[in-house]
Amino acid sequence: MSQTSQNLSVKPEQTSADLAKIGSGDLAGMLKAQAKRLRNALASRNLTVSRAGSLELLAQSHGFRDWNTAIAMTRKREPVRIADLGIGKRFAGSYLGHAVCGQIRGVTKTPVGGVYRIEVHLDRPVDVVTSERFSALRQRIASRINEDCEPVLANGTRGPGLSVDLLL
């Protein structure tokens, strides 16, 4: 095994500690521990990163805009409801498996009961194609959600799309 692959391996006790933190609901603690390991790994390669810098890098590697957004997502307590949404409000959520943040541009009721059309502008575009040969970036999204801000199809059944998990 080469020197590089040995340095990149994860110690079993670190993994079990992370799993224990997930089980106890301490996701913020797990992220902080990961950031500390990232900082130490970079230091072993003669790359100096501040504590705050490692927190920001870790948050971005998990798809969040910044550390504050990542922490807010881990501390989410109250579910977001459709009545909480409004034009111009900032949100964090997911779109087709990508963590996203952005601004709500519009929310309208559809003819199907309990189904709403939401239009958002994402801070960073997401690639909605899994092919290595081409990409399709989306930054303006229109999607359907239910009263619990979960993605639904046009008929109201759960499906893929945009979910609003947290108002920022």
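**Entry 1: salt bridges**

I began with the charged pairs and found that the structure holds 4 salt bridges, a salt bridge being a side-chain nitrogen of Lys or Arg within 4 Å of a carboxyl oxygen of Asp or Glu. I note that this is a predicted model, in which local features need pLDDT of at least 70 and side-chain atom pairs count only at pLDDT 80 or more, while totals for chains, interfaces and linings use all residues. Residues are numbered from 1 along each chain as its sequence is written, and side-chain values use heavy atoms, with hydrogens and water left out.

I looked up Arg-90, which forms a salt bridge with Asp-123, the closest N and O atoms being 2.6 Å apart. For the element names I rely on DSSP runs numbered from the N terminus, with helices being H or I of at least four residues and strands E of at least two.

I then checked accessibility, where buried means under 20% relative accessible area, exposed over 50%, and partly exposed in between (1.4 Å probe, protein chains only). Arg-90 counts as partly exposed at 25%, and Asp-123 is partly exposed with 31%.

I also found Glu-119 and Arg-117 joined in a salt bridge, at 2.4 Å from N to O. Glu-119 is partly exposed at 32% relative accessible area, and Arg-117 is partly exposed at 33%.

A further salt bridge links Arg-158 with Glu-150, whose closest N and O atoms are 3.4 Å apart. Here I find Arg-158 exposed, with a relative accessible area of 55%, whereas Glu-150 is partly exposed at 30%.

**Entry 2: cysteines**

How many disulfides are there? Taking a disulfide as a pair of cysteine sulfur atoms within 2.5 Å, I count 0 disulfides. I looked up the accessibility of two cysteines and noted that Cys-101 is buried with a relative accessible area of 6%, and that Cys-149 is buried with 1%.

**Entry 3: helix 4**

Which residues of helix 4 are buried? I list Ser-54, Leu-55, Leu-58 and Ala-59 as buried in helix 4. Seen down the axis of helix 4, these buried residues fall within an arc of 135°, so they line one face of the helix; the arc is that of the directions from the helix axis to the C-beta atoms. As background, an α-helix has 3.6 residues a turn, so residues three or four places apart point the same way.

I took a separate look at Ser-54, which lies in helix 4 (residues 51-61) and counts as buried at 2% relative accessibility. Leaving aside residues up to four places away in sequence, Ser-54 touches Ala-35, Leu-38, Arg-39 and Val-49, where contact means heavy atoms within 4.5 Å. The cover over the buried residues of helix 4 includes helix 3 and helix 5. Just after helix 4, I noted that Gly-63 takes a positive phi of about 95°.

**Entry 4: helix 3 against helix 5**

I finally turned to helix 3 (residues 27-43) and helix 5 (residues 67-74), which pack at an angle of about 145° with their axes 8 Å apart. The axes are lines fitted to C-alpha atoms, for helices over the stretch in contact, and angles run from 0 to 180 degrees between N-to-C directions. Leu-27, Ala-28, Leu-31 and Lys-32 in helix 3 meet Trp-67, Ala-70, Ile-71 and Thr-74 in helix 5.
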